[in-house]
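Welcome! Please take a moment to look over the sequence and the 3D structure shown here, and then read on for a short tour.

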Amino acid sequence: MKVCIALTKGRLEKQFLEYLQSLSFDTTPLLNKGRKLSVDTENFRFIFAKGVDVATYVERGIADLGIVGEDILLEYSPDVYNLLPLPFGRCHFAIADRKGQRISNSKMIIATKYPNIATSFFREKGESVEIVKLEGSVELAPIIGLADAIVDIVETGTTLRENGLMIKEDMFTITARCIANRSSLKIKRNFLTPIIDVLSEKEKVI
Ligand code: PRP
């Protein structure tokens, strides 16, 4: 029985492969995959997708395990087992703007890829804001007059810096997470437990 693991393409994929290498796994088949979106090895099937789709594949049982950013879990609340934090993918959510410059006179307009996270954050602060959902390149919004500020993930800070934005408020830190399909955890327990043990053991060491 193969175990299917869904990986988030891009930065997290790269960091996960480095992590596997640090655990002495041979990642050659994954590194040489070219544009292929699935890779089969003797015991595993790896599939590569966008973060929110990784959660969907795991939720629907296509993938047994998934490697995904905590941002996806917080924003979309997929029905998956949120197994454990991983020692990579660390970044933080922040509110950023152009040094307090406002484009609106009344309610502050916030552009974000994460409307649910932003809405609950401002609700908890007791601030009434208008949320504008974007799919990406959120840093553009305050520059061209769509929003007063953004709520987004900051990793190195390069994107903010290169677009003339500054952090106004740090919100919270997130990491990559290992998630599991609820039924897989029961049905494929014998196959999944050793993998989960390896991943979590390293987490304790770091
Ligand atoms: C994320 C995030 C920021 C950027 C932060 O975007 O939304 O734009 O990374 O990283 P940094 O602090 O290291 O610059 P992503 O690269 O996923 O692209 P997107 O804007 O298309 O969503």
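## A helix across a sheet

Helix H3 (residues 51–59) lies across strand S1 (3–8), strand S3 (44–49), S4 and S11, and runs at about 150° to S4. Contact here means heavy atoms within 4.5 Å, and axes are lines fitted to C-alpha atoms, for helices over the stretch in contact, with angles from 0 to 180 degrees between N-to-C directions. Helices (H or I, at least four residues) and strands (E, at least two) are DSSP runs numbered from the N terminus.

This is a predicted model, in which local features need pLDDT of at least 70, side-chain atom pairs count only at pLDDT 80 or more, and totals for chains, interfaces and linings use all residues. Residues are numbered from 1 along each chain as its sequence is written, and side-chain values use heavy atoms, leaving out hydrogens and water.

The six strands of an open sheet follow the order S2-S3-S1-S4-S11-S5, with mixed pairing; two strands pair if DSSP finds at least two bridges between them. At the edges are S2 and strand S5 (81–85), each pairing on one side only. From one strand to the next, the twist averages 20°. Strands S4 (residues 65–69) and S11 (residues 176–180) run antiparallel and are joined by five bridges, and Gly 69 has Ala 176 in S11 as its bridge partner.

| Residue | Loop between | Phi | Relative accessible area |
|---|---|---|---|
| Ser 24 | helix H1 (11–22) and H2 | about 70° | 68% |

Terms used. Buried means under 20% relative accessible area, exposed over 50%, partly exposed in between (1.4 Å probe, protein chains only).
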